[in-house]
Amino acid sequence: EQSADLAAARAELNEAAHSFERISYLCAIGFATKAHLDGAVAARDSAAARVKALESRVTDRLIRAPFAGVLGLRKVSVGTLVKPGDVITTLDDISLIKLDFTVPEAFLSVLKDGMAVRVNVAAYPDRTFEGKVVGIDTRVDPVSRAVAMRAETPNPEGLLRPGMLATVSLLKNQRKSLAVPEQALVPVEDRQFVFVATADSKAERREVKIGARQPGFVEIVSGLKSGDKVVVEGTLRLRPGGSITVAGERDKAEPGADGPGPRT
């Protein structure tokens, strides 16, 4: 009904505009009075105002998304009577996921915006999603004694969905450092050693000082430099000065060699 009224109003506006042009011409050559011209102007402006009013009513019935995103399932069918507040569908922009989580108040002294987070979800056990903290609540929950935080995680593939349960790792004091696999360490009493391949493929035992540990790796504080070839397999059978073969080179150098030897 509103569309039909709008079409009729536009036709009236078109006729009023043509009438105004004709009377303007007649008034210019003296065949119409100023009163006729004023009447034509009023009719044209009135028709234009009615068109704008009807366009506004039609626009009120056109539902526009406030932002670009992905639509969920439709909640209503064609012909359903809807009222203000009725849910028609859901709209989510999942290119960037906002992640809310809580941290015990004991860690307040180290919390800050920009901290890195790693996110894992059950749906993709082999994937780790990276993000950063963008907000920390100003209050501590008096019941849980925790502070709420918010992180943002880029989601270009759309794998993460709103409402998913996630495990969040909050990273602090990140730094770049040398590290070796844990199995490369050779403990002797309270000291730690590794075997390093020399230029002539001999084993050299070096004492190292270790630092922080992560699953499968240990930080090397001193004793090694970047680029050193560290023996990872066969360290229990290796002795200083023993011959070693770099992984991937045994088959090329000794096609008939039997059994695995120390490898880097």
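**Entry 1: the cut-off, then a first pair**

I wrote down the cut-off first: a residue is buried under 20% relative accessible area, exposed over 50%, and partly exposed in between. I also noted that this is a predicted model.

With that in hand I looked up Arg50. Its relative accessibility is 38%, so Arg50 counts as partly exposed. What does the side chain of Arg50 meet in a salt bridge? I found Glu12 there, with 3.6 Å from N to O. The two sit in distant parts of the chain, Glu12 in helix 1 (residues 2-28) and Arg50 in helix 2 (residues 34-60), and they are 38 residues apart. Glu12 has 45% relative accessibility, so I put Glu12 down as partly exposed too.

A friendly reminder to myself: side chains of opposite charge can pair when their charged atoms come close.

**Entry 2: further salt bridges**

How many salt bridges does the count come to? I get 15.

I picked out the one between the side chains of Arg118 and Glu130, at 3.9 Å from N to O. Arg118 belongs to strand 4 and Glu130 to strand 5, so this pair ties together parts that are twelve residues apart in sequence. Is Arg118 buried or partly exposed? Arg118 has a relative accessible area of 32%, which makes it partly exposed. Glu130 comes out at 44% relative accessibility and is partly exposed as well.

Next I turned to Glu204, which forms a salt bridge with Arg206; their closest N and O atoms are 3.3 Å apart. Glu204 is at 32% relative accessibility and therefore counts as partly exposed. I then followed the links onward and found a network of salt bridges that joins Glu204, Arg206, Lys225 and Asp228.

**Entry 3: Thr153**

Why does Thr153 count as buried? Because its relative accessibility is 2%, and the cut-off for buried is under 20%. Not counting residues up to four places away in sequence, Thr153 touches Leu96, Ile97, Val119, Phe129, Glu130, Gly131 and Leu160.

I took a closer look at Val103. Setting aside neighbours within four places in sequence, I find Val103 in contact with Leu111, Ala146, Val147, Met149 and Leu170.

As general background, nonpolar side chains in soluble globular proteins tend to be buried together.

**Entry 4: the largest pocket**

Last stop, the largest pocket. It holds about 460 Å³ of space. Which of its 15 lining residues are the closest to the centre? My list reads Asn173, Gln174, Arg175, Ala212 and Gln214. Strand 11 (203-214) and strand 12 (217-222) each provide at least two residues of the lining. I sorted the lining by class and got six nonpolar, four polar and five charged residues.

Definitions and conventions:
Residues numbered from 1 in each chain as written. Predicted model: local features only at pLDDT ≥ 70, side-chain atom pairs only at ≥ 80, totals over all residues. Heavy atoms only, no water. Contact = heavy atoms within 4.5 Å. 1 Å grid on protein atoms, 1.4 Å probe; cavity = no way out; pocket = protein on both sides within 12 Å on 5 of 7 lines; lining within 4 Å. Points joined across faces, edges and corners; volume = space filled by probe spheres on them. Helix = DSSP H or I, 4+ residues; strand = E, 2+ residues; numbered from the N terminus. Nonpolar A, V, L, I, M, F, W, Y, C, P; charged D, E, K, R; others polar. Buried < 20%, exposed > 50% of the residue type's maximum accessible area, 1.4 Å probe, protein only. Salt bridge = Lys/Arg side-chain N within 4 Å of Asp/Glu carboxyl O.
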